[in-house]
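I am keeping short notes on what I looked up here. The entries follow the order in which I went through the chains.

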Amino acid sequence: MKQKSWHFDRRELLKGGGVALALPMLNGMGKAMGAVNRVSKGNRLPKRMLVSYFAYGAYMPDSPSGIASSHVKTSEKEHHPWSWWPCRDAGPLSFNQSSAPFAPLKDDVSYLRGLDHAGGWKLGGHSSGDVFATGADMMGAEKTNNTSIDQVAAQVHGDKTRYASLVLGTEGGTGSYGSCKTLSHRGPGRPIPSLHKPQEIFNRLFNPYAGKGVEQVRAGLKREASILDLVLEHSRSFKNRLGKEDQGKVNEYLDSIRALEQRVERTSKWTHQPLPKIDTKGLNLEVSHKEPEEYIRCMYDLIFLAFQTDSTRFATLMLESEQSSNSEMWNYATYVLGYQGATHDIAHKRPADYSGKWDQWRAKQHAYFLQRLHDTPEGDGNMLDRTLVLWGSAHPHASHSTKNYPLQLAGGRHLGLKHGQLHEFVGAKKVPLSNLFVSMLNAVDVAVDKFADSTGAMTEVLG
Amino acid sequence: MRIRNHFVIFIQLLSHTLLVSLGTAQVGQQGDGYIVQVKPFFQTHCIRCHGPEKSKSELTLHTLDGDLALGRGLERWENVLDALESGSMPPEDQPQPSEAERKIVTEWINQGLREFIDHASQEAAKSTVRRLTNFEYENTMRDLLGIELDLIEDLPQDPLKPYHFNNSAELMLLGPEQINRYLEVARRAMASVIVDPAKPETYKTRQEWGAEESNKGFAKSLPRNEIAIQNSRRGTPGQGMGIKDFPKTGEFRIRFQASAVFPNGATELPLRFVMGYNLNVNSSTQEVVPVGVVHLRNSPREPQVYELRGRIENYPVQMGRMHRGKLRPDTLTITPQNIYDDGSLNDDNRFLYWPRQPDMPRAVVDWIEFEAPLTEVWPPTHHNRILFDSPLRESEPRKYIHEVLTRFMSRAYRRPVTVGEVDRFLEVYDLLKPELATLEATIRETLAMVLVTPQFLLHTKAEGGVVEQDYELASSLSYFLWGSMPDAELFGVAAKGGLDEPEEIEKQVLRMLADPRANDFVSNFTNQWLSLPKMKTVPINRDLFPRFLYYVEAGERAGTERPYIPTIRDHMIDETVGFVAELIRRNASVTNLVDSDFAMLNQPLAAHYGVKGVEGQRLRRVAVKPEHHLGGLLTQGSILIGNGTGSAPHPIYRAVWLREAILGDKVKPPPAEVPALTDSAGDSAEQALTIKDLLAKHRTQESCNDCHVRLDPWGIPFERYNAIGKYQPRVPKEGTRVRGFDLKRDEDLAGYARYLESINTQEVQSEARVPHGPQVDDMAQLKTHLLTARKQDIAENVIRRLLTYGIGRELTYRDRYEIENIFTDWAENDFLIRDMIVLICQSQIFRTP
């Protein structure tokens, strides 16, 4: 990208009155920036995490419930070449056709069978994606969902990067309860809208000042902080006139304004750091849903760039949702494979000729991302070694089932993870998926011993 | 130690009370009535299924204690009361208590509940503070700013739950992302509302089409200025008029000269204008927004000039693309569409195009003119309303801004503002002024900040002065009946005082319902209450219903539903909303919801239902005859399609709909692990009709049967209404393979009818015995049963739905007796719907939610 000169354009300023206030800061809230972390050698290298979700479950013709059925002696049956699971038995990995794209990454991936969120059981097949990254008990005590894993991490380490987190999805926005279009939630009732337009994401990440001079941006931010202060005071006096019960509701509002103030402060501090220079060669930001492969790879590329430039360390990506009707997502499988019908139908009908190919196509896109991280050296290893990547769905083969998710964990070998196995958590070994979340958070230096309904950590994936 | 002493005293007091009450002979509210009469009743009739061993419906009663006054388990008590009063429990196949026994228990519960509620109503209820829904937000901005802008696309969606309203306080939370989006949206709106002083140049463009024969495309013989149905030949107006270099904001005007040719003798042709992307690319990623519809009745000998207006901001601009190293300009395309539709839907759309149907009406468009921004009045009215003319503006600028803020904020906050509140924003203004320089730019930003305050974004029940209570009531009324802020008259009455009087409320409610803004309320309420939107996404089986939808004939989207034109499904939603609106307008009885002597139809709908003599696309009241099998909500296409599979009727969906939306029951969702019926039925013509067999499966499993025995029979009488909402008494024989529809053999409509006759050889079974009711043979008998035995339940349900919508929270046991009061008053009015809306607005719950 060409470096823009910082000349002061009076007319631009008049036209864009207060534009600085709208500075699209992704989700860079959390605490105001502390020490700026410069990418350097050794143990100060960043620790990253991505949670990526795919919709409609996956093809598992041998075991629709997501775990091997007990009455078929597993030794008698060959593993299905198009099952989403790479191999039949727990133990060292081998790869079938569906999972073939991951074969070159054998030592960087693990598969986890038999895990799920109890909070999603009752949500139903079209809604359990809501809690994929949160584990919230939405039919019970947490009707408005709860904080997602990436945001827990962002609250602790988000101040080290320009943006605390990056929330992407193929459809954009928040959706609503039961039909979420984002994986990330700041807390109960606070879904974070996902971004879905590549050009917009790029601009927000790498061109946040929209061509304005940095001094000008700073002045705008200073003014903005004062205004938010006034609004805050204004709202406080309003709150005092309300009844006790209603004050709680206004606190919600006041907290939001305070968070905006912190965001301003944070953005202002980051103006002292130069923006990263991005090589946009090969990046097609104009891509549309009509070219699913180009589009999804572009989204993955943007996450890669955000990680590579250390613009953020925590990201989520929701690829389609169970509620994508009326959108081009409905036609993905048609564009990619020539499947005659809505993509959603693959989940219900599980046609033998398309289901496996569809899974394989999705695997290819994800493997592309892992490979890209893997091929990029960092410190004494590569970027994948310092990035945890969880990839999965909230349903198995039986598309309305909300148990036994297909799950793959990749990367993080330098963060204490060990790969190359299929782990099974069935019967007496069954534990909440949240246990994995505890271990993932610990691996990126978030000291929690509990997440949602967790009962401990998941040592199986640790080296 | 002191704590323990207190505790002892407390225990003593408690036992004392107990002793005293046990000692009295009266059947009191305390333990004795429970022990003597209720507990034995529970033991005999309830505990076996709702007790320590089984807890069907997740309800257990053995842990209930006998003292309602402590306020424990009241929701459960209310459940029990409902079940006993309605007679739905104990189940029919179990021994039944006598009426007297039933009565003793219900009276005991009623008395206890009442006492508790009377006592508890002293305490404050749950908070009902909630933000404006997106629907309310957009309407409020429209009325506050005086221009219509599409604003909510970028806001987080409102919570959505079938049969529930999206304004429930509990689920409406606010977060920083949301506030940030509100701010972005407010800025966008203010940029449109406040203009710069210099009058902009008006952009104007015009295109003409002559009557010479076109020589392009397959419709060669048509004159160039004509638009056949769904046709967009090159070089004709149907292909759209592209514009570039247009202004980005402001009001626009489209003028055009048009007429119509009616070879078939029709008298009216709807010509719709849409604007946005160019529609000639075969794709569904394009976006267009309708500008308006004109109904042409004039022939080309008497061409007429028509005019449509709108705001440019609301239309999707097609971004310019790079072409040979040069960036092409952004464009907007204005496309006139001939949307004439007489309901003679056509297979695969093949016969729709000219010249295959030479007698279908065609629109003639001689020229189109586009003009923007309109500057006849400059600055525009919406600008002047905020930055009004005043000598103060020059003489005392600060005082002027103070006045501007006072006026604007009073309307934004829906009540008079205090000087302190205004001063705060005067400070904001002062902060912004040095940098933004002009008055206009500064006031834009200042007012955008006003629009993110809680006073604007939240509905509130403020404490304090009597003055504000009238303003709050004004807001309650306007958000209920308009989904928007109060108008000048409501503000006026609130300022004067006396809005609280029942007569004044009635007067205002009637006035507001007559206002066009009430259409928003009816539409929003009806869509959510009846869970209508889902009908738009049910995929209709093309093999079974080849004539129901228009399909794209060729290209990469061949076989998909034709986008960008109104479809029969849109008309069906209009039908249902229009039906409810008609009931309110005529103050008709609630019984019309179940059965009515009229339907709201236009030509495509009438053709669909087989009603003759309706011409044109305007919805109107049409008398129904028995052979139409119409009347009421139950047989409307929107309901039947939304609660079907697209291939077959779905008795369970329809039963759930009837019980939830009409009878007001809460139907539990099935356990997550149960496979859905639709997974195995409806893929093909042969499989489409075997749902009844699947229902029978339910009965063989106790876990299913417990619920389905009370559910399925409600859906069976709907069976003669097929998946596209048509009366279809005969179907192919069970298990037979039917031949597919053959375009060549069954070319015209008569052929299609013959085809249907040849495959539909068996009468549909629609007999069922209604739970706790009689045998009904078909829909007509079901309606009769509902109107005789369930009229009161239906009326109470409608009260509850409207009240929940009106006050923005779920009703609880606390509201039970208030609702009973409204019900009693209403029963005296024969359950006339408009009267009930008045009664709701006059009720205590509505005024102090």
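Into which domains is chain A divided? I noted domain 1 as 48-205 + 280-461 and domain 2 as 209-274. The model is a predicted one, and I kept that in mind throughout.

**Entry: chain A, domains and confidence**

I looked up how far apart the two domains sit. The centres of domain 1 and domain 2 of chain A, taken over C-alpha atoms, are separated by 34 Å.

Next I checked the confidence. Chain A has a mean pLDDT of 83, with 87% of its residues reaching 70 or more. Residues 1-42 of chain A have a pLDDT below 50, and the model gives this stretch 79 contacts beyond near neighbours in sequence. Where pLDDT is low, the predicted coordinates should not be read in detail. I therefore left the details of that stretch alone.

**Entry: nonpolar cores**

I then turned to the largest nonpolar core, which holds 96 residues. Which of its residues touch the most other members? I wrote down A:Leu168, A:Met299, A:Ile303, A:Met440, A:Leu441 and A:Val444. Helix 6 of chain A (residues 292-308) supplies the largest share of this core, 10 residues.

I followed one of these residues further. Neighbours within four places in sequence aside, A:Met299 is in contact with A:Leu168, A:Pro198 and A:Leu317.

Another core, of 95 residues, lies apart from the one above. I listed a few of its members, including B:Trp482, B:Ala494, B:Ile652 and B:Leu839.

**Entry: chain B, overview**

Chain B has 849 residues, and 41% of them are buried. Its secondary structure comes to 29 helices and 19 strands. I also looked up the contacts in chain B between residues at least 6 apart in sequence, and 70% of these join residues at least 24 apart.

**Entry: strand 11 of chain B**

Is strand 11 of chain B (residues 331-338) largely enclosed by the rest of the structure, or largely open? I found that seven of its eight residues are buried, so strand 11 is largely enclosed.

I looked up its pairing next. Strand 4 of chain B (residues 241-244) runs antiparallel to strand 11 and is joined to it by four bridges. Strand 6 of chain B (residues 269-276) also pairs with strand 11 in the antiparallel sense, over six bridges.

Which residues stand opposite B:Ile334 of strand 11? From one pairing I noted B:Met241, and from the other B:Met275.

Terms used. Residues are numbered from 1 along each chain as its sequence is written. Chains are lettered from A and ligands numbered from 1 in the order in which they are written. This is a predicted model: local features need pLDDT of at least 70, side-chain atom pairs count only at pLDDT 80 or more; totals for chains, interfaces and linings use all residues. A residue is buried if 20 or more other C-beta atoms lie within 10 Å of its own, exposed if 12 or fewer, and partly exposed in between; C-beta atoms are placed from the backbone. Helices (H or I, at least four residues) and strands (E, at least two) are DSSP runs, numbered from the N terminus. Two strands pair if DSSP finds at least two bridges between them. Two residues are in contact if their C-beta atoms, placed from the backbone, lie within 7 Å. pLDDT is the predictor's confidence in each residue, from 0 to 100. Domain bounds come from an automatic or database domain assignment. A nonpolar core is a set of buried Ala, Val, Leu, Ile, Met, Phe, Trp, Tyr and Cys residues joined through C-beta atoms within 7 Å.
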